Amino acid sequence: MKVQVKVFRGRDFNERRPEDYQIFEYTGDEKASVAQLLYELNSKERLVDIHGQTCEKITWECSCFVKKCGACAMRINGIPRLACSFFLYELKSPEITLEPLSKFPIVKDLTVDRSFIFESLKEISLWLEGNARMKPETHEYRYGSAKCLMCGCCLEVCPNFRVGGRFTGAVTPVNMYRILDEQEKNGHRKDMKRSYSKSYYEGCGKSLSCRDICPAGIPVDDLIARSNAAAVWGRG
Amino acid sequence: MRNEKEKILIIGSGLAGLSAALECALRSKECVLVSSAPAQRAQSVMAEGGINAALDTKGESDSPKEHFQDTMKAGCFLADGEAVRGMTEAAPGIVKSLKDMGVCFNLDKNGDPDLRNFGGQKKKRTAFAKSDTGKQIMTALTDEVRKYEASGMVTRLMNHSFETLTFTTPDRQICAGCLIRDDYTGEILSFKSSAVIIATGGMHGLFGNTTGSKLNTGEAAAELYRLGAEITNPEFIQYHPTTVSSGGKRMLISEAARGEGGRLFAMKETEKWYFMEEKYPELGNLMPRDITAREIWNVQKNFPVFLDMTHLPDDIMEKKLSGIVEDCITYLNLDLRKDPVPVEPGIHYFMGGLNADRQHMTNIQGLFAAGECCGLYHGANRLGGNSLLGAIYGGRVAGENACKYSEESTFASGSAHIYDDLPGKCVISDADRELLQRTLGKCMGVVRNEKELQAGLEIIRGLEGDLARLGEAMCSAALERRESRGAHFREDHPDIREEFCKNTVLRR
Ligand SMILES: Cc1cc2nc3c(=O)[nH]c(=O)nc-3n(C[C@H](O)[C@H](O)[C@H](O)COP(=O)(O)OP(=O)(O)OC[C@H]3O[C@@H](n4cnc5c(N)ncnc54)[C@H](O)[C@@H]3O)c2cc1C
Ligand code: SF4
Ligand code: SF4
């Protein structure tokens with residue numbers, strides 16, 4: 001299968017210009033993922049675009065290649081996905097556009113700096129004080145909560161999220177759920193609830209754009225509802 | 001002079017690095033946790049099967065002693081017995097503390113972590129969290145470390161890589177800290193510390209197409225080897241018998257597939273040849289990993305090998321193997337319920353690595369190593385489920401000893417002159433890396449022989465770069481070990497030999 005691969009290589013995605021893109025031709029198996037495609041393009045001795053111009057290798061992040069680490073999140077034909085789990089046979093036409101997640105500062109090409117996610121989890125005190133209190137009836141949800149890859153796809157689609165803002169997006173309720181559920185009722189739990197309201201609940205417009213985007217298959221909307229119930233409505 | 005102020009440096013935030021950071025924090029010692037990516041991206045999140053501990057909750061009268069014996073036997077008695085004893089005795093406590101941290105293990109009816117059978121162990125000893133054991137443990141440990149990040153005990157530097165080690169004297173005997181590269185800006189930062197813990201994972205980058213993470217380039221080990229750190233047992237590499245090529249890497253098809261009745265066959269023209277069942281009528285498809293890998297390796301020289309699960313009942317496919325079915329649909333566009341999957345052995349785990357003593361200190365004073373980058377617990381072969389354990393336990397022991405060492409060290413951060421050896425460093429070119437990977441892939445296969453190893457060694461000697469020197473060490477260790485032991489199989493020396501019952505130790 002032959003595919004035209006359009007890659008964003010500019011500095012500022014939100015002010016993007018046509019000259020920020022380079023186009024490459026890729027010939028390979030239709031079963032190939034975008035990760036494989038990028039890997040193969042970069043493995044060539046010389047990376048040449050469709051105009052015959054030699055180009056620098058494409059910078060992108062990857063680690064596991066099997067949907068377990070969240071490193072390779074990027075916009076694929078405009079939709080945030082993991083490069084390792086989008087396949088060429090899913091394309092409607094033989095063209096593919098690869099762009100960095102637009103909500104985060106660009107480091108280079110498709111690599112963005114997602115430090116804000118990790119900083120915000122520290123801000124909301126996402127940890128347990130003392131031993132976990134494990135309720136069998138919530139096992140599945142806590143398990144789902146712990147599966148979060150911190151890839152940022154749910155933040156990319158969120159109309160209210162921006163790096164540096166007070167609102168920290170769906171990553172917060174997804175991850176907060178297990179801690180709120182496992183934490184004994186002490187001072188730390190109160191602090192967490194307070195910061196949860198400030199950094200998430202008050203800022204969420206409940207558009208649920210984040211509902212079906214999660215590449216890890218986490219039931220994001222369920223966990224939002226559960227975290228809201230526990231932190232704001234005092235249930236659970 | 002006691003040195004209370006200095007921070008311990010930890011490189012790598014997989015299970016070993018996180019565990020070391022936690023140990024430092026519990027000892028009220030500050031540390032800097034540096035890693036080339038956030039913990040969420042580390043290979044540790046990929047582990048599926050489980051973690052071993054003799055919890056003895058299955059009425060099989062299991063004990064740490066038996067866990068110890070199984071570990072030593074699998075490693076063909078090369079591992080340090082005292083170190084392994086420490087690890088197997090600590091294991092039940094480690095799994096219990098993970099549960100207290102909130103790890104969602106599958107639980108039995110008494111609320112204890114459920115245990116499953118794993119290869120090479122007769123008793124049920126492997127605790128698991130569905131098929132995400134590594135991820136679930138990593139999340140809990142990351143949450144725990146975050147608490148100390150917020151309190152300032154742990155400083156995190158993500159997207160920063162190890163550049164080189166610094167020394168107190170030009171003869172490179174005593175560690176004085178590290179140079180760290182900010183991967184996003186290219187800036188080089190210098191950190192002083194008498195104690196550095198390396199937890200950078202296995203040497204997967206020597207081969208490229210393993211089941212492991214692309215982050216584990218092996219470059220930190222190569223640089224330390226250049227600076228005089230010893231490498232032990234690099235020839236012992238575990239191949240997983242059933243992997244498939246996917247996305248420029250290898251994807252695992254878990255042993256559970258054969259455990260539930262999957263059959264291996266080779267396609268001889270139009271005829272299916274069930275070679276494992278023919279050769280091993282008793283255990284058939286469930287022979288140990290190294291033997292199965294070897295058989296597949298030999299057969300596939302002539303015929304393609306497949307794993308067939310099409311005959312398995314729907315409910316087994318649904319209840320027990322749904323993860324594998326889903327992965328094959330996602331990654332291979334292949335439905336295991338309808339079609340057999342072509343499989344090949346693939347590189348999975350490195351038993352060898354930086355040489356460390358029981359305190360996890362290397363031959364460079366103040367330099368510690370833990371996790372898959374360190375060859376201490378697994379000897380000539382590793383039991384499935386022992387590497388997560390070894391990473392957590394090893395990180396803890398390294399953390400403890402690094403703290404003690406740092407407090408007693410006379411090296412005063414701030415005053416001493418620092419020697420950094422960056423000038424001699426030689427980074428491999430992309431083309432040479434590719435050739436190195438291809439060459440090692442060829443000569444360090446499941447079945448090895450002198451001719452291929454010699455040919456490989458000659459090519460590698462012609463390559464420049466520190467990574468090539470690490471590859472050279474691996475290749476020459478395999479050449480020198482003229483016997484077959486554990487994961488190392490030489491067709492020209494197929495027997496185990498008493499005179500080789502010792503660890504390989506190499507120094508550049
Ligand atoms: C698919 C798969 C399944 C597995 N299943 C199991 C299982 O069921 N049970 C089991 O016990 N084991 C299993 N293993 C093995 C186990 O996952 C690893 O051995 C273990 O997780 C290693 O942990 P670690 O902390 O040593 O290293 P890793 O988790 O690999 O972490 C290495 C860290 O070092 C960092 N790093 C690397 N190089 C540098 C550098 N130069 N500078 C700075 N940072 C660097 C990385 O970013 C990362 O943070 C499996 C492995 C794979 C690949
Ligand atoms: S519901 Fe809307 S505003 Fe709230 S986190 Fe999801 S996408 Fe963002
Ligand atoms: S909830 Fe899903 S989409 Fe959002 S960061 Fe976690 S894994 Fe990614």
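Begin by selecting Asp181(A) and Arg142(A) in this predicted model, where Asp181(A) is buried and Arg142(A) is buried as well. Their side chains meet in a salt bridge, with 3.5 Å from N to O. Because Asp181(A) belongs to helix α5 (residues 171-182) of chain A and Arg142(A) to helix α3 (residues 139-146) of chain A, the pair ties together parts that are 39 residues apart in sequence.

Next, move to chain B and select Glu483(B) together with Arg481(B), which form a salt bridge whose closest N and O atoms are 2.7 Å apart. Glu483(B) has a relative accessibility of 0% and therefore counts as buried, and Arg481(B), at 3%, also counts as buried.

For a pair that joins the two chains, select Lys57(A) and Asp430(B), which form a salt bridge with the closest N and O atoms 3.1 Å apart. This pair crosses between chains, running from Lys57(A) in the loop between β4 (54-55) and β5 (73-76) of chain A to Asp430(B) in helix α12 (residues 430-443) of chain B. Here Lys57(A) is partly exposed, with a relative accessible area of 31%, and Asp430(B) is partly exposed too, at 47%.

Over all chains, a search of the whole structure finds 56 salt bridges.

Finish at ligand 2, which is surrounded by 13 residues, the closest being Cys158(A), Cys204(A), Ser207(A), Leu208(A) and Cys210(A). Colouring the shell around ligand 2 by class will show eight nonpolar, four polar and one charged residues.

Definitions and conventions: Residues are numbered from 1 along each chain as its sequence is written. Chains are lettered from A and ligands numbered from 1 in the order in which they are written. This is a predicted model: local features need pLDDT of at least 70, side-chain atom pairs count only at pLDDT 80 or more; totals for chains, interfaces and linings use all residues. Side-chain values use heavy atoms; hydrogens and water are left out. A residue is near a molecule or strand if one of its heavy atoms lies within 4 Å of it. Ala, Val, Leu, Ile, Met, Phe, Trp, Tyr, Cys and Pro count as nonpolar, Asp, Glu, Lys and Arg as charged, and the others, Gly among them, as polar. A salt bridge is a side-chain nitrogen of Lys or Arg within 4 Å of a carboxyl oxygen of Asp or Glu. Helices (H or I, at least four residues) and strands (E, at least two) are DSSP runs, numbered from the N terminus. Buried means under 20% relative accessible area, exposed over 50%, partly exposed in between (1.4 Å probe, protein chains only).
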